[in-house]
Amino acid sequence: MNDRTQNGVSVRLENVAFSYGEARFVFDAEFRAGAITAVMGASGSGKSTLLNLVAGFESPQAGRVRIGGEDVTALPASMRPVSMVFQENNLFAHLSVEANVGLGRSPSLRLAAQDRERVEAALARTGLAGKGKRLPRELSGGERQRVALARVLVRERPVLLLDEPFASLGPALRDDMLDLVARLQAERCMTVLFVTHQPDDARRIADHVVFIEGGKVAASGAAAGFFADDGPDVFRRYAGTNGRESRHVARKPT
């Protein structure tokens, strides 16, 4: 880890309790400022619920959510310093690429010249220069996710939540998108929480791993420690051979 983490904002869940139906969750965890943390666990363990509580899409029944030390528990999602990218990229099919990105600056799309400049810069940074007039249906799956990331850039929020946005992509394209996230995070010093089922995704770009089991944080720590021979048992059982392989996987650019 390098000094850039000093410029980010931490995310803290203090005994945050939530339930729906018979599912019960209690999260107590801190996510390092300016770092990329992989949130892993079996299906139904509570990974997406954790992200939704940070984003403000769900409200805790007890406990507090703090971002950058500020208690945001009572703040609506629109007021939190957070952007989120979902597996379904939430693009509006009838709007152009540039308009979809522009929504990150103004929900009414009343964009000043400076806003339009930011949109163009974000499209260029995510490899979409010259494609601003296209509709989402004219793009590949990877390109649509790049549009979602470009919208994140123009929002200029310090926390980025990724809920398996690249799960439907092939391995090579998924690696390209992970590397793009890592580069953008390094440039912007964002605090990134990303949900993934793939140990290779975490190994590729994560600084830290938080492992969820049974609605609670079962293990957390540096990614390197998770993939070591003496990594947490709960993670090794989940990951199997993939979690213990020593083959080289490129780390994120710095």
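Which residues in α4 meet which residues in α5? Before the answer, a word on the model: it is predicted, so local features need pLDDT of at least 70 and side-chain atom pairs count only at pLDDT 80 or more, while totals for chains, interfaces and linings use all residues. Residues are numbered from 1 along each chain as its sequence is written, and side-chain values use heavy atoms, with hydrogens and water left out.

Now to the helices (DSSP runs of H or I, at least four residues, numbered from the N terminus). On the α4 side we find Gly142, Gln145, Arg146, Leu149 and Leu153, and they meet Leu173, Met177, Leu180, Val181, Leu184 and Arg188 of α5; contact means heavy atoms within 4.5 Å. The angle between α4 and α5 (171-188) is about 10°, and their axes are 11 Å apart. Axes here are lines fitted to C-alpha atoms, for helices over the stretch in contact, and angles run from 0 to 180 degrees between N-to-C directions. The two helices α4 and α5 are therefore roughly parallel to each other, a label for angles under 35 degrees.

Is Lys131 buried or exposed? Lys131 is buried, because its relative accessible area is 19%, and buried means under 20% with a 1.4 Å probe and protein chains only, whereas exposed means over 50%. Leaving aside neighbours within four places in sequence, Lys131 is in contact with Val97, Leu139 and Glu143.

Methods. Angles under 35 degrees count as roughly parallel, over 145 as roughly antiparallel, 65 to 115 as roughly perpendicular and the rest as oblique.
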